[in-house]
Amino acid sequence: MSLLSLKRYYINYKLMKKKVKRYTQQIQVGTQDRHNVLKDFSRLLDSQIEKIVLFLLEQQGLLASRLSNLGEQYDVLIQHPDEAKVTELQEAYRAVGRDLLRLLFFVEMNAIGLRKILKKFDKRFGYKFADYYVKTRANHPYSQLQQVFKHVGIGAVVGAISRNLADLQDLQDNHGSYVSIYDQPAYSHPVYSQIHQDPVVHSIRAAVERLSNSTSFLHFLGTHAFTMQDELPTPSEEQDDDQRYHFMSLLLNLANTFLYMVNTYIIVPTADNYSLTLGAAATVCGVVIGSMAVAQVFSSVYFSAWSNRSYMKPLVFSSIVLLVGNTLYALAYDLDSIAVLLIGRLFCGLGSARAVNRRYISDCVPLKLRMQASAGFVSASALGMAVGPALACLFQTDFKIYKFTFNQETLPGWIMALAWLVYLLWLSISFREPPDRTKESVVPQESTSGQFVNVSVDNGFTQPLLINSETKQEDEDEDGDGDEDCDDAEEDSDKIQKPVNSIVSAYRLLTPSVKVQLLIYFMLKYAMEILLAESSVITGYYFIWSTSSVAIFLACLGLTVLPVNIIVGSYISNIFEERQVLLASEIMVCIGIVLSFHILIPYTVPQYVGSALITFVSAEVLEGVNLSLLSRVMSSRLSRGTYNGGLLSTEAGTLARVIADGTITLSGYLGESKLLNTTLVPALFICISSIVATCFTYNSLY
């Protein structure tokens, strides 16, 4: 099929752009209302998508017919093996595969065009039509949009090509010894796909995965990590990512994440007793715990900047600083110095390399593995959060070696110092610094004239959405909107290619809804820190809990993270809109905080445990949904560079922890009897403020 004849099967971007402009003019002069505009534009989009889908089905039928004919040839070849004909048949299957790749590119270009016109419509009218349109069409039983975004039916074609190429290779190598791809799970595993699969099949798998938009638990958990990334990579970018990827280096990054979370929470059950031992008030535990977060506010920035040039060096530095910090924390007991204790925790905060961990996943893990790696980051964090307090309850001992004391207060420091020393040795031996990235590009590439250009795929189905300069000139003559498209294209290109160079610049890119979501993130981290950091003091005052009891309680809270995310990611998020889950979770956090107050009646263990569970679980649900939304609406300019979206979210959460820990210490001056209510009042105020802000921006949330 020629390029000119193919043009009519693409989404008519020019027509729809003119429609949007005409709608704007009609609404301004009062000859049209919003309801009719939405209805008319929906009908136009439906017809455009139907045109794409019918062509897609027609081409799938032709591919299926070719595969059927090749299957008949394969049956004959099985009876009379001929090496030359085997090679010829393999090339025929590969030719079908290459045509399928062109078809996938056709789908990709139309999906991009659809996304751009929806974005333009929302920008012109200030209405989240894209959200309404996709949600109403995507899950309908007769949805044609599913064909574009889920490419229904293509999997069967991919399967036929994969199986027959594998069988032909087996016939060629083993002289007819039949081993099906279905008998070898490794064929479907992404780690082994490059080794076992035919290059054409691997390219098809990569294209399909690029276009996939999963709503599974893995996707939900992966967005929890908030590793910002560009929209779609080019084939050259994918190859570059494969070269940069090193499994052991990724594992070391995840181990760093796990150990840091263990390091953060291992001292929580004993921080109050340690403070008392050194002559300070029990509520100084807020400063002891929070000093790590204070240092992390600054360390996140320099680690993010350092990761622009290297990954191994900041990880080595992080390990050394954490080794020193934990040693000082343990030595503070024998030195009888609260100052040494605080300095040790500050050093631990200065060693926070979570910005490097996130950045490594975004930059060095191939797109096909990035969601799994992001989910691994979240799982490692959750596991560390549970293991930290659990380890603390095992340190019920007291002995000396030379002049050094080993007891429940100092052992967390000694154990973590040893863990970081072992990690440092492992890092030095096994980590591989990725090669420098030489190209930064995105699909679709756009020229300075605002047109789409082809990217390293054979010309067949790769016709650009805006065909050539003549088309653009024609477009300008017809509707005078060419300059706007050029500006939009250059603006989009700049946003993707130029990272921001300061926190102030990054903040200016935030829309009101994004600012509200960062406020929500601040609120949930504040509420969680209040709950966790003061738990040992509160339970000791009201219930006379031992260190072991506090540690078990905190470990049980940490263990709820993954089960809760499985339920939300697999079920709740598929039933309700994410913004509905967001608002409901905020309300539940508020209810949990209210139930935590000690008013009139005696404070009981069921009240404390029940309210803590409601607050913590709701905050965990809220964090996952909030970051899932945030990852989709954050500016693409914040996907890279030092001041990226991951850094902004980290800083918001860290600042919340700092303020929460400071609140605990300041409230301690009023006495332990008033600590609970005094710390809950600001948490309640911030929570109510976030709920109000969410209600005002509810319609702008995806």
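In which strand is the place of threonine 405? Threonine 405 sits in strand S2, residues 404-407. The model is predicted: local features require pLDDT of at least 70, side-chain atom pairs count only at pLDDT 80 or more, and totals for chains, interfaces and linings use all residues. Residues are numbered from 1 along each chain as its sequence is written, and side-chain values use heavy atoms, with hydrogens and water left out.

**View A. Threonine 405 in strand S2.** Strands (E, at least two residues) and helices (H or I, at least four) are DSSP runs numbered from the N terminus. Threonine 405 is buried because its relative accessible area is 3%, buried being under 20% (1.4 Å probe, protein chains only). Its side chain makes a polar contact (N or O atoms within 3.5 Å, one able to donate a hydrogen and the other to accept it; residues adjacent in sequence count only if both atoms are side-chain atoms) with the side chain of aspartate 334, at 2.6 Å. Beyond four places in sequence, threonine 405 is in contact (heavy atoms within 4.5 Å) with residues including Tyr333, Asp334 and Trp414.

**View B. Serine 690 in helix H30.** Helix H30 covers residues 672-696. Serine 690 counts as buried because its relative accessibility is 0%. A polar atom of its side chain lies 2.7 Å from the backbone oxygen of cysteine 687. Neighbours within four places aside, serine 690 is in contact with Leu519, Ile520, Met523 and Glu586.

**View C. Helix H27, residues 578-596.** Glu586 is among the buried residues of H27, as are Glu578, Arg579 and Ser596.

Methods: Buried means under 20% relative accessible area, exposed over 50%, partly exposed in between (1.4 Å probe, protein chains only). The expected span of a helix is 1.5 Å times one less than its number of residues.
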